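Dear colleague,

Please find below the structure that I am handing over to you. My findings follow it, grouped by topic.

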Number of protein chains: 2
Amino acid sequence: MKVIIAGAGAMGSRFGLMLHQAKNEVILVDGWPEHIDNIKKDGLKANFNGEEVVAQIPIYHQNEVASVDFSADLVILFTKAMQLDAMMKEIKNMVGTNTKVLCLLNGIGHEDVIKKYVPLSNIILGNTMWTAGLEGPGKAKLFGNGSIDLQNLGEDGRDATEEVIACLNKANLNAKYSGNILSSIYKKACVNGTMNGLCTILDSNMAGFGETDVADAIVESIVSEFAAIAKMEKADLNIEEVLTQIKSCYNRETIGLHHPSMYQDLIINNRLTEIDYINGAIVRKGKQYNIETPYCSFLTQLVHAKEQILGAK
Amino acid sequence: MKVIIAGAGAMGSRFGLMLHQAKNEVILVDGWPEHIDNIKKDGLKANFNGEEVVAQIPIYHQNEVASVDFSADLVILFTKAMQLDAMMKEIKNMVGTNTKVLCLLNGIGHEDVIKKYVPLSNIILGNTMWTAGLEGPGKAKLFGNGSIDLQNLGEDGRDATEEVIACLNKANLNAKYSGNILSSIYKKACVNGTMNGLCTILDSNMAGFGETDVADAIVESIVSEFAAIAKMEKADLNIEEVLTQIKSCYNRETIGLHHPSMYQDLIINNRLTEIDYINGAIVRKGKQYNIETPYCSFLTQLVHAKEQILGAK
């Protein structure tokens, strides 16, 4: 397949590399000049389960991509949420009427952006358990195993989705069809919608927050707002299961001493967060469905206040 | 009058000193050993509008006060909110059936504690514009002018309140009767219920918060919860007036660059906050009146989480 990786950070590099190794024709599109320059010069490097690999994969800056002649069969979206709309606009010359677009961004509601550029029947939503890191610009660190669940957003997209699944599986990406991808996406969003904003606002790791005597009450209030919206979108959430998964983040023996990604974005790197696409998306959908979402609303506002107080960019 | 100052910090020292100078028989009760020892040894010292004064006023630690023989005409309460119940218990031998109790604590709902020890007709609520500081244990810093509004809580306490007003005015404390003390108390609580918790959670001064583009929305949500509760308590709040007063705190030319008292308590001095008696009181009253108060609830929880994460005491 001819594949565009739109957003070639850590996760994009993993998918790009593995699809390239499986003989797909891959191009990377990104917006980080240093990363792009290094890959153009030396190829995409990776420590891939302990082995040093280098792959010559074409990479373009998203603002130079309009003139590239490439008719994609598949676009895999891995941008930051707030960069999605610009990316879709910039790659639109390479997206034809048969191009499938697989969305793997964190957060919810991205289909509302993608729909502006792509017919519903070509949109596939995914939820992945793969992980990835970057050692620096141009070099990925790819350890461990993962999987990915996919489902077409439109009713008539099942066949196309199965083709994409076959392609991903040839690259050992462990893809499978899911009958309820929105439930998985909402479940993941609940974890992000609690740990990310709360640890960022409280300047705490996950264990530090989880061990306070108010953690359960706060988390339950937030999750109940996510669940009310999920229900309207026919994505059933098992609240007990979600709460159990959130509480597993507090474990000091495993990941409890880590700070979630939003904390790293804002507090460590002084970057704007994705809060509008997690809790903020719940607020927007709440207005649409006439459902009160005060905890998500206040948390979104607090994170925006913090971004502005810190002068994040 | 025989007056107990229950809680002899900065403000208690001001009231104690001025009432003592006006020939009342004053005793101070407090819980800070160093402060008590210095006053026992050298008297209460103050820089009083630029003049160094020393007053020999008896002071007791609250845990030694049970055996003191003193029949108070008036108790003025200036404790921290969370210390009120213990203080009332400790001074109860000095509080007779005719002792008036004037509550000048920050926050709302303290009458629910005082009522356990004192008949309604003896309880007076006050709201003061006086300020005061401490230079160190045993030494107050008292500058500027102020005033104090008073109102009896019980219907039949007007005469007693007027006697207290006369006593305070002989000491130049500018007291006057108020027909709607609860409105003033709620108005002040709105300022504290926004600036205190928000600046503490966001680690910001008041201007820093006020200049974010979410400040208005957050403040309006919180104030509307206070207003809904105030209405149930027959304390009319002029919301526009409250919002104007809150916004005046953002002014960098005046007080905007200051951190509110809760920030100083928790972030600077690692002490537990009074949040349960400001936003937390709104949450308790909301349950009582069946009114939703999610912003006050979440803010109270976040401040408690922060207290625990920082190990405040």
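**Salt bridges**

A:Arg252 and A:Glu211 form a salt bridge in which the closest N and O atoms are 2.7 Å apart. Please bear in mind throughout that this is a predicted model. A:Arg252 sits in the loop between helix H9 (239-248) and helix H10 (261-268) of chain A, and A:Glu211 in the loop between H7 and H8 of chain A, so the pair ties together parts that are 41 residues apart in sequence. Both partners are partly exposed: the relative accessibility is 43% for A:Arg252 and 46% for A:Glu211.

A salt bridge also links A:Asp85 to A:Lys116, with 2.6 Å between the closest N and O atoms. Here A:Asp85 belongs to helix H3 (residues 84-90) of chain A, while A:Lys116 is in the loop between helix H4 (111-114) and strand E8 (123-128) of chain A; the pair therefore ties together parts that are 31 residues apart in sequence. A:Asp85 is partly exposed, its relative accessible area being 23%, whereas A:Lys116 counts as exposed at 56% relative accessibility.

In chain B, the side chains of B:Lys187 and B:Glu241 meet in a salt bridge at 2.9 Å, N to O. This pair connects two helices: B:Lys187 lies in helix H6 (residues 181-202) of chain B and B:Glu241 in helix H9 (residues 239-248) of chain B, so parts that are 54 residues apart in sequence are tied together. B:Lys187 counts as partly exposed at 23% relative accessibility, and B:Glu241 counts as partly exposed at 42%.

Salt bridges that share partners also join A:Glu52, A:Glu135 and A:Lys139 into one network. Over all chains, the structure holds 28 salt bridges.

**Relation of the two chains**

How is chain A laid on chain B? A turn of 180° with a shift of 0.0 Å along the axis does so, with an RMSD of 0.1 Å. That is the relation of a two-fold axis. Among the residues of chain A, A:Pro294 comes closest to the rotation axis, its C-alpha being at 3.1 Å.

**The interface**

The contact between the chains involves 26 residues of chain A and 26 residues of chain B. Of the interface residues of chain A, 100% are also interface residues in chain B, so the copies meet through the same surface.

Chain A and chain B bury about 2,200 Å² between them, and 72% of this is on carbon and sulfur atoms. The residues of chain A that lose the most area to chain B are A:Leu202, A:Tyr295 and A:Phe298, which together account for 29% of what that side buries.

Between chain A and chain B there are zero salt bridges, but ten residue pairs are in polar contact, both residues being at pLDDT 80 or more. Helix H6 (181-202), helix H7 (206-210), helix H8 (215-232) and helix H12 (294-310) of chain A each supply at least two residues of the side that touches chain B. H12(A) gives the most to that side, with twelve residues.

**Helix H1 of chain B**

Among the buried residues are B:Met11, B:Arg14, B:Phe15, B:Leu17 and B:Met18. B:Lys23 follows H1(B) and has a positive phi, near 75°.

**A:Glu233**

A:Glu233 is found in the loop between H8 and H9 of chain A. With a relative accessible area of 15%, A:Glu233 is buried, because the cut-off for buried is under 20%. Leaving aside neighbours within four places in sequence, A:Glu233 is in contact with A:Leu182, A:Tyr186, A:Lys285 and A:Tyr289. By contrast, A:Glu233 and A:Lys41 are 46 Å apart in space, C-alpha to C-alpha, and 192 residues apart in sequence.

With kind regards

Key. Residues numbered from 1 in each chain as written. Chains lettered and ligands numbered in written order. Predicted model: local features only at pLDDT ≥ 70, side-chain atom pairs only at ≥ 80, totals over all residues. Heavy atoms only, no water. Least-squares fit on C-alpha atoms with pLDDT ≥ 70 in both. Contact = heavy atoms within 4.5 Å. Buried < 20%, exposed > 50% of the residue type's maximum accessible area, 1.4 Å probe, protein only. Helix = DSSP H or I, 4+ residues; strand = E, 2+ residues; numbered from the N terminus. Buried area = accessible area lost by both parts, 1.4 Å probe. Salt bridge = Lys/Arg side-chain N within 4 Å of Asp/Glu carboxyl O. Polar contact = N/O pair within 3.5 Å; in protein donor to acceptor, adjacent residues only side chain to side chain.
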